[in-house]
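Welcome to my notebook. I opened this structure and wrote down what I looked up, entry by entry.

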Amino acid sequence: IQIKKLQLGPYGTNCYIASCPETKEGVIIDTPGEPEKILAETEDLWIRYILITHTHADHLEAFSQVRAALGAQVAVHPLETGQFPSSPDLAMNEGDVLRLSTVKMAVIHTPGHTPGSVCLLSGKHLFSGDTIFPHGPGKTRTPDQFEQIVRSITEKVFPLPDSTIVYPGHGEDTTLGAEKAEFAGFAGRLRDPGLCGDVLWLSP
């Protein structure tokens, strides 16, 4: 798999363009802004899918323009369709596998940041949206959402190999090995039952 990463829009949100190097068939993962930059990076590719990890506005700023220009199939988790700017072509459910010639991309439903948040796994590459970042989980608004995102991470993401590379919705890449090590320190401490918001595994 070949991966291009673009940090776009007012929040520096990450857009990923993943493709099969043999056939040049590709996907766009999230459309944060600056559609002209996204389209410029796809000129030598056939974009088959536009995959949206969740429907917060900072991941969709360029969606309408990119969809209109490329005509690719759009996929999102069913629980996100109510917040979507237009009707998707496909539903991404837990366990679904999208195929790009020799490349496979598996859907992992990871609720917490939003009800229909998903991560996308291709080999050792995990596109995590706003589910997990270097040093912590995605932002949550309630303690119940925080507990939900921790379950998503520990039950669905952390079973993957330590060598798995994490490509988050914002900021720099990390590995699951690094995140598991930091989480172990978090899990070993008592925590406020009202914990939510922006949480770091190693914060006091």
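I started with Cys-196, which counts as partly exposed because its relative accessibility is 28%; buried means under 20% relative accessible area, exposed over 50%, and partly exposed in between, with a 1.4 Å probe and protein chains only.

I noted that this is a predicted model, where local features need pLDDT of at least 70, side-chain atom pairs count only at pLDDT 80 or more, and totals for chains, interfaces and linings use all residues. Residues are numbered from 1 along each chain as its sequence is written, and side-chain values use heavy atoms, with hydrogens and water left out.

Next I looked up Cys-119, which is buried, since its relative accessible area is 0%.

How many disulfides does the rule count? I found zero disulfides, taking one as a pair of cysteine sulfur atoms within 2.5 Å. Cys-119 is in none, and the nearest cysteine sulfur, that of Cys-15, lies 16 Å away.

Then I turned to the whole protein. I see four helices and 14 strands; these are DSSP runs, helices being H or I with at least four residues and strands E with at least two, numbered from the N terminus.

I checked the burial too: 50% of the 204 residues count as buried.

For contacts (heavy atoms within 4.5 Å), I looked at pairs of residues at least 6 apart in sequence, and 52% of these contacts join residues at least 24 apart.

My last entry is on extent: the C-alpha trace spans about 50 × 35 × 30 Å along its principal axes.
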